[in-house]
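Hello,

Here is the structure for you to look over.

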Amino acid sequence: MNEKEETPVVIIHPASDPDFDGTMLNSKFWDRIVVTTTEGKKVAEINTDDATPATGYLVKAYPHKD
């Protein structure tokens, strides 16, 4: 079994899914976010310490606006 089959994940579609309750980036619930193409190619991995995009991609972080 490969990592894809062993590791439980939540497929985010659509991103407004009520199951996330506005806590998508809250490390209490998630240890990382992996962005992939529909073919399974990893585009980026984001955790609480770092964001690592694939070559040719950018990760943009937007500050919370109060």
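The model is predicted: local features need pLDDT of at least 70 and side-chain atom pairs count only at pLDDT 80 or more, while totals for chains, interfaces and linings use all residues. Residues are numbered from 1 along each chain as its sequence is written, and side-chain values use heavy atoms, with hydrogens and water left out.

Of the 66 residues in the protein chain, 9% are buried (under 20% relative accessible area, 1.4 Å probe, protein chains only). Among contacts (heavy atoms within 4.5 Å) with a separation of 6 or more, 7% join residues 24 or more positions apart.

The protein chain has one helix and three strands, in the sequence pattern α-β-β-β. Both are DSSP runs numbered from the N terminus, helices being H or I with at least four residues and strands E with at least two.

The three strands make an open sheet in the order β1-β2-β3, with antiparallel pairing; two strands pair if DSSP finds at least two bridges between them. Because β1 (32–36) and β3 (51–53) each have a single partner strand, they stand at the edges, and one side of each lacks a neighbour in the sheet. On average, neighbouring strands of this sheet are turned by 10° against each other, direction ignored (axes are lines fitted to C-alpha atoms, for helices over the stretch in contact, with angles from 0 to 180 degrees between N-to-C directions).

Five antiparallel bridges link β1 to β2 (residues 42–47). Arg-32 has Asn-47 in β2 as its bridge partner.

Regards

Key:
Buried means under 20% relative accessible area, exposed over 50%, partly exposed in between (1.4 Å probe, protein chains only).
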